[in-house]
Amino acid sequence: MSQATRILLALVVGLALGIVAASQGFAATGIVIAQPIGTAWLNGLQMTIVPLVVSLLVIGIAATADAARAGQLTTRAMILFMVLLWTGAILSAVLTPFLLSVWPIDPGAGAALKASLPDVQAVGDVPPFGDFLAAIVPSNPVTAAANNAFLPLIVFTLAFAFAITRLAKPQRDLLVSFFRAVADAMIVVIGWVLWLGPIGVFALAFLVGAKAGGEAFGALLHYVLIVTSVGTVLWIASFFIGAIGGRISIITFARATASAQAVAISTQSSLASLPAMLRGAEQIGVHTQHSGVILPLAVAVFRATGPAMNLAVAIYVAILFGVPLTWQNLAAGVAVASITTLGAVSLPGSISFISSIAPIAAAMGVPIAPLGLLVAIETFPDIMRTLGNVTMDLAVTATLSARAAPAPITPEDLLFEAQTG
């Protein structure tokens, strides 16, 4: 049984036992035991966020700079990646509140779910516009990290990371290796915390079941459908991008991507889908000298659905807990979602979920604690994340290849033509 499955099972069992405890009159005793356990597990998840985000962002900027130096094709790819990531985040900032206005959270279920989570409070207010502009440049990055002020912290980290790219190669490699080691160590710690995930999620789910009752199931299902819908819009858009950018029909593009999408659904891994993506690119006429550069780069640094779906989670929690959605905190969310995806770790969704979304939530003044419960059902949105990423990877590959200089004819190409007539 996978870790994600164990955590999901703990969620279901915890909710069910909490509901039974409430109906049988012994919920109070269970809550006294479960609440400190759930809070301690949430604290364990949160303690790794700042060092992990800073380290991954430095590594991501270094990888992006190296890719930009590799040649004209990779430079164009990185520019297109950035445009699509920011566009997706902006789309989510508009689409998610719209979806929640059309299909709002059930007031009873939302109130019960909100009341059931321990020590949930907003992490901070978004300042007025003038203060907002001044505050994004930290006077003390250590203080910004201590106060969970992620937007100023990210601004400092970006400046620091770009400065590293200007150093001599020995110094640059030394610092990047250091931050890679820090990130790897934090991922090990997160793995330990998630190994205890069934216990922590069970405790949180028991609290939700005991206080929110059966309405909790409906609230969690509503969350899954809203977040998945945002990813679905990007997935559908990728077909049009691939067809128009690659100058082929949508049907041709859909056929070429079908195999890779099947692998994506079954494995929830873009990396595992790479061989199928390479075959799909060949079917739509992309030369291997183009796909062999663009697709591995896309798998490494381009997670098309990441900013949009991560921001959708933060917006959902904001609306659930009554955090006002001003244009300032939405702008902060868009910026943090778009930037931090460069350092998103290529690991199962249960590991990357907290590290990817907590900085967005913190920048928007949104509670982080609910993420400890939502991570248990990340398996379902994660399918759409991978499906959208894989399809968009092929779409950008087709687009860039159609506008790239023709690949040179190699002896292998001539041999293939001679053999096939």
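The accessible surface of the chain comes to about 18,000 Å², and carbon and sulfur atoms account for 70% of that surface. The structure is a predicted model. Its secondary structure consists of 20 helices and 0 strands.

**The chain as a whole**
- The chain has 421 residues, and 53% of them are buried.
- Take the contacts between residues at least 6 apart in sequence: 85% of these join residues at least 24 apart.

**Helix H2**
- Helix H2 covers residues 27–46, which is 20 residues.
- At 1.5 Å a residue, H2 should span 28 Å, and its end C-alpha atoms lie 27 Å apart, so the two values agree.
- H2 bends by about 30° at Ala 34.
- Ala 34 is itself one of the buried residues of H2.
- Other buried residues in this helix include Ala 27, Gly 30 and Ile 31, as well as Gly 38, Thr 39, Trp 41, Leu 42, Gly 44 and Leu 45.

**Aromatic pairs: Phe 81 and Phe 302**
- The whole structure contains 7 aromatic pairs.
- In one of them, the ring centres of Phe 81 and Phe 302 are 4.4 Å apart and the ring planes meet at 5°; planes under 30 degrees apart count as stacked, so this pair is stacked.
- Phe 81 belongs to helix H4 (residues 72–102), while Phe 302 sits in the loop between helix H14 (288–301) and helix H15 (306–320).
- The two residues are 221 residues apart, and their pair links distant parts of the chain.
- Phe 81 and Phe 302 are both buried.

**Aromatic pairs: Phe 239 and Phe 253**
- Phe 239 and Phe 253 form an edge-to-face pair, with 5.8 Å from centre to centre and 90° between the planes.
- Phe 239 lies in helix H11 (residues 215–246) and Phe 253 in helix H12 (residues 250–267), 14 residues apart.
- Buried means under 20% relative accessible area.
- Phe 239 has 12% relative accessibility, so Phe 239 counts as buried.
- Phe 253 has 0% relative accessibility, and therefore Phe 253 counts as buried.

**An aromatic cluster**
- Four phenylalanines, Phe 156, Phe 160, Phe 178 and Phe 179, form one aromatic cluster.

How values were computed
Residues are numbered from 1 along each chain as its sequence is written. This is a predicted model: local features need pLDDT of at least 70, side-chain atom pairs count only at pLDDT 80 or more; totals for chains, interfaces and linings use all residues. Side-chain values use heavy atoms; hydrogens and water are left out. Helices (H or I, at least four residues) and strands (E, at least two) are DSSP runs, numbered from the N terminus. Buried means under 20% relative accessible area, exposed over 50%, partly exposed in between (1.4 Å probe, protein chains only). Contact means heavy atoms within 4.5 Å. Accessible areas come from the Shrake-Rupley method with a 1.4 Å probe; for residues, only the protein chains shown count as cover. The expected span of a helix is 1.5 Å times one less than its number of residues. The bend at a residue is the angle between axes fitted to the seven residues ending there and the seven starting there. Rings of Phe, Tyr and Trp (its six-membered ring) pair if their centres lie within 6.5 Å; planes under 30 degrees apart count as stacked, over 60 as edge-to-face and the rest as tilted.
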